[in-house]
Amino acid sequence: MVYCSKECQLEHWPLHKAACKRHNAHNSNWERTALSGRVDNARREQLRTVYFFDIVHKFSFISMVRCPDVVRWSDKSRLVKYDVLECVDWKERLIARSKISNVNIMEGMTPRMTEREYARWATGPLSTTARALLCSHSHPAAMSHPAAAPVIPGQTPVAPAAAAAGAPAAGAPAGVKKVKEKKVKGDGGLAALEMDPKPEFLASRVELFDKLKKESDDHIASLPREKITITLPDGAVKDGTSWETCPMDIALAISKSLAEKTVITKVNGELWDLERPFETNSTLELFDFESPEGKRVWWHSSAHIVGECCERHYGCNLAIGPPTEEGFYYEMGMTDDRVVTQEDYPSLETLAKNVVKEKQKFERLVISKENLLKMFAYNPFKMHIIQDKIPDGTSTTVYRCGPMIDLCLGPHIPHTGRIKSLAILKNSASYFLGDQNRESLQRIYGISFPDNKQMVEYKKFLEEAAKRDHRRIGKDQELFFFHELSPGSAFWLPHGTRIYNTLIDFMRAEYRKRNYQEVISPNMYNSKLWETSGHWANYSDDMFKLEVEKEQFALKPMNCPGHCLIFASRDRSYRELPIRMADFGVLHRNEASGALSGTTRVRRFQQDDAHHFCMPDQIEEEMAVCFDFLNHVYGIFGFDFKLKLSTRPEKFLGEIETWDKAEAMLTKALDKFVPGQWEIDPGDGAFYGPKIDVTISDALRRKHQCATIQLDYQLPQRFDLSYRSAEGGAGTEDNRVKPVMIHRAILGSVERFIAILIEHFAGKWPFWISPRQIVVIPVAAPHKEYAIKVQQALWEAGFFADADLSDNTLPKKIRNGEIAQYNFIFVVGGEELETESVNVRNRDDAGLKGKNEAFKFSEVLEKLQSLKSERRLENKLL
């Protein structure tokens, strides 16, 4: 590197050296040239240091001056050339004579910088010469920027800030000490990520909140203080003061580590903020992140953080932001045509890190509906929720963290600083409140953890889950596909159909053992049927409706009303009960397009649907049948499962006394089947009866709700079902009794269950359900006839067997069989032909790459039959 003066060398050598680190081969030559002093003073006076920005990397710069030869610079395999720079008026000559491959140094580079990027660069740690040179290129953003100092030929330019600090100009007498430019503190980088100007509603919302919060604090301060007791789960009693002592105080009194780990509490059975004061004598439970309650609150609070970032970044109108089973999401309506893209994720995460760093406190405030309408007047989504969900004259809560204030029941973590690791995972489009007739929204999904280690583990989990994604494996193994002409309805290809039919055949075999009677019912019914059942009032929005001969019809989304018609088709006696009615009929549900996801959420599907019609005193016995059935089926696939009792919802049919009776019956059955190992999910029952939901865990420990057992007193009443009891005279009304109906599904949707199996087994199917069980591979052409013979014998024995008769090499054929996930590869050559045997390669014995042991074909056939009939998970011939 050659410099025009000693001062220039002292000023710019560190930057040059840093810029050249990635070009070591050139670096040593430049150092020798610069330090050798082989350039005379006359030539040195002709040189000028020229800086420019590389258009590929906006914020990196490279510099090179050489006279009079042509200099070549290679930056990531791109060759850049400079011509001779000899004149004092270097700017005009540079424009006239520079050659940079397909780039004009003045007009082709600087316009790539936006005003925001320019502002960030102009205040960054670059040399004053570099900054002044770029400013002199007439960049639109530079015209009004304070760093846009003119370049004076023959002088090293000085930025205004440096000049104000007393920095000497180039050519100043030696010995004058340069004043270092002070770093300007601030959040200029964060400001570049936010709306400018900020949305007006942020300030007005905070102003109203502060006013109402002061009023609330003053009111609480005026309340009388009383001595209270707080009882812990172990029976320990702590003393406190009403409206002063809070759960955090109790946790800190026990231990600091406990307080730091505690995410949320329950006070008298109600979820409660850690820093919300007790109001009266209370019971107290503490929950950390690992508890279900802790995770829900943690991720709900994280959703508020992301909501704040979205408001600051997009200036959007937030809709809803609930926690999910794994993380959270927030929906928002944009005020313009902007959409969320993956390029936005780093900006949102940077803002989120700053929110966490600020340790913004979550503040709870009860606000009247009248004031809520004022606070959220700018937001049509919040206005709809307030007007629709909050009765006039009542109040509800909002929570604040920083400038973010949201309509929310809470509770939340104490402050944002608890969230040590947060990531944006994905985004999608959605509809407000899931209604496709309403506004289209943008949805952002995220996840957060108390430490970075858990985030690293979760990302590894996501990588493994991506490898097991049923949509990818379904495509690779040619199991199914979807088409835009029938969204939400899978096209099952031959190999996928093999799995589908094998599952149904398995269930049919179990039905026969358990005295189920299979029926086939219509796909379409008049709306009068659904009005009778109650589905029209509670479920019609999710049904496909059509008009037939001026009558309203709908495709069935479930089988139960049709089975009620079958039961009522003739007179029934108590001697016939219980009747276990099974149906694999096709069902249709009008799922929102945004909710469709592979075969886990579809519009057309089949269920292993069954209904038990029984007498009241048979309920316990029928429940035992259901529990035994699901235990057997899930055991076959190696699934662990948990049970949950879902009780009466807000919207329900029938009398509360009937519901209480049904819930008591299910409680008794659960206590008998899994004593102490089930949970209650209040308010999540079906509208016609309480239910037991069964959640299975797959190989990645993910939870899937598949089976359901529902006890129903309502549909038999609504359809006026009855049977003749043993008491009373024949033909009289007093001997008619209403049956009880038990709804039961174990696989649930067959489509969804197959998706779960794909991801559980990672596409490596157990032999009995595998769509590709055996491939026979001949060693050479003379052995093809024997390979065909073996394949045909296997097919006739009921196995899914293929023969690879292609011209590929033997290793290639074996590799193709392994990739296709055949359970077994039979290699046949001359020795096998002579002895009527096969060389068996097991898919799961990956280490055995050489020639395996040969077995008599008749012996192998017997072992395959045993492996299939026993439905063993291990892929091994015994």
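## Salt bridges, a buried strand and a buried glutamate

Aspartate 844 forms a salt bridge with arginine 843, with 2.9 Å between the closest N and O atoms. A salt bridge here is a side-chain nitrogen of Lys or Arg within 4 Å of a carboxyl oxygen of Asp or Glu. Salt bridges that share partners also join Glu510, Lys513, Arg514 and Asp628 into one network.

Before going on, some ground rules. This is a predicted model, where local features need pLDDT of at least 70 and side-chain atom pairs count only at pLDDT 80 or more, while totals for chains, interfaces and linings use all residues. Residues are numbered from 1 along each chain as its sequence is written, and side-chain values use heavy atoms, leaving out hydrogens and water.

Searching the whole structure turns up 46 salt bridges. The table shows some partners and how covered they are; buried means under 20% relative accessible area, exposed over 50%, and partly exposed in between (1.4 Å probe, protein chains only).

| Residue | Relative accessible area | Class |
|---|---|---|
| Aspartate 844 | 40% | partly exposed |
| Arginine 843 | 15% | buried |
| Glutamate 279 | 36% | partly exposed |
| Arginine 276 | 15% | buried |
| Aspartate 660 | 39% | partly exposed |
| Arginine 648 | 27% | partly exposed |

Glutamate 279 and arginine 276 meet through their side chains at 3.5 Å, N to O. For aspartate 660 and arginine 648, the N to O value is 3.6 Å. That pair links distant parts of the chain: aspartate 660 sits in helix α23 (residues 656-673), while arginine 648 is in the loop between β28 (640-646) and α23, 12 residues apart. Helices (H or I, at least four residues) and strands (E, at least two) are DSSP runs, numbered from the N terminus.

Now for strand β14 (residues 395-401). Six of its seven residues are buried, so β14 is largely enclosed by the rest of the structure. Which strands does it pair with? Strand β13 (residues 363-368) runs antiparallel to β14, and six bridges join them; strand β15 (residues 404-407) is also antiparallel to β14, with four bridges. (Two strands pair if DSSP finds at least two bridges between them.) Valine 366 has threonine 397 in β14 as its bridge partner, and tyrosine 399 stands opposite aspartate 406 in β15. The hairpin of β14 and β15 has two residues between the strands, and glycine 402 there takes a positive phi near 60 degrees.

Glutamate 308 belongs to helix α12 (residues 292-314). Is this residue buried or exposed? Glutamate 308 counts as buried, because its relative accessibility is 0%. Its side chain makes a polar contact of 2.9 Å with the side chain of arginine 312. A polar contact is a pair of N or O atoms within 3.5 Å; within protein, one must be able to donate a hydrogen and the other to accept it, and residues adjacent in sequence count only if both atoms are side-chain atoms. Setting aside neighbours within four places in sequence, glutamate 308 is in contact (heavy atoms within 4.5 Å) with Val355, Gln360, Cys401, Pro403 and Met404.

Zooming out, the chain has 29 helices and 39 strands, and 49% of its 878 residues are buried. How confident was the predictor? The chain's mean pLDDT (the predictor's confidence in each residue, from 0 to 100) is 81, and 77% of residues reach 70 or more. Over residues 120-186, though, pLDDT stays under 50.
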